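Please walk through this structure with me, one selection at a time. For each stop, I would like to know what to select and what is there.

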Amino acid sequence: PFAGIARSTDGGRSWKDLFGKAHGLPEKSADGQGVPPDQALAIYALPDQPDLVWATIFGKLYHSTDGGEHWRIIHEGPGLLWIAALQDQPRSFYASSAKGIYFTEDGEKLKLLPGSPGSNPWLPGRITVDTAKPPRLYVASWSDTPGRGGLWRWADGAWTRLMADKP
């Protein structure tokens, strides 16, 4: 189910739910219960250009150039979930997915990180960026096989497993 994206243009005093073809988004579900946890909806807007917005909906990456009024799919996934941006390069961000971790420098073209867990036995979940120079990415992952998930770090072009999940 999809409940839409809420948008305010008056500082939060009023909100409008956006959904459907007119906005380039999925249709609103009949039950209106929102996106299930395995199809997380992440939203990210540029701090200095709030008209530029990205969102993950049903595993796809959507992009808006007019503050969220209209959207287009820029990456089909599979299974895109979370977004984590670089603070000093706001158009550059990571996105976790069922295939691994993607990175974009321009907010348009996503590349799968080398050695990303697409072929490994873990599914990336929540992600965050440490602002160290160079930046480091942290990924909380899980696996159906006990002991294969955990906490991972991407730094200097390589993955390091920092902690295993508990069986």
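Is Leu162 buried, partly exposed or exposed? Select it first: Leu162 has a relative accessibility of 38%, so it counts as partly exposed. Here buried means under 20% relative accessible area, exposed means over 50%, and partly exposed is in between, with a 1.4 Å probe and protein chains only.

The model is predicted, so local features need pLDDT of at least 70 and side-chain atom pairs count only at pLDDT 80 or more, while totals for chains, interfaces and linings use all residues. Residues are numbered from 1 along each chain as its sequence is written, and side-chain values use heavy atoms, with hydrogens and water left out.

**Surface patch**

Leu162 sits in strand 14, residues 158–164. Strands (E, at least two residues) and helices (H or I, at least four) are DSSP runs, numbered from the N terminus.

**Salt bridges**

The whole structure holds seven salt bridges, each defined as a side-chain nitrogen of Lys or Arg within 4 Å of a carboxyl oxygen of Asp or Glu. Select Arg7 and Glu69, whose side chains form one of them at 2.6 Å, N to O. Arg7 belongs to strand 1 (residues 5–7) and Glu69 to the loop between strand 5 (59–64) and strand 6 (72–80), so the pair ties together parts that are 62 residues apart in sequence. Glu69 counts as buried, at 17% relative accessibility.

Next, select Lys133 and Asp88, a salt bridge whose closest N and O atoms are 2.5 Å apart. Lys133 is in the loop between strand 11 (123–130) and strand 12 (136–142), and Asp88 is in the loop between strand 7 (83–86) and strand 8 (89–96), so this pair ties together parts that are 45 residues apart in sequence. Lys133 is exposed, at 62% relative accessible area, whereas Asp88 is partly exposed, at 48%.

Then go to Lys109 and Asp106, where the closest N and O atoms of the salt bridge are 3.6 Å apart. Salt bridges with shared partners also join Arg7, Lys16 and Glu69 into one network.

**Backbone**

Return to Lys133 and show the backbone: the peptide bond from Lys133 to Pro134 is cis, with omega near -5 degrees. Pro134 is in the loop between strand 11 and strand 12.

Phe58, in the loop between strand 4 (53–57) and strand 5, has a positive phi, near 50 degrees. Asp156 also has a positive phi, near 55 degrees, and is in the loop between strand 13 (150–155) and strand 14. Most residues other than glycine have a negative phi, and most peptide bonds are trans.

Four bridges join strand 3 to strand 4, and the bridge partner of Ala45 in strand 4 is Val53.

Note on methods:
Pairing = 2+ DSSP bridges.
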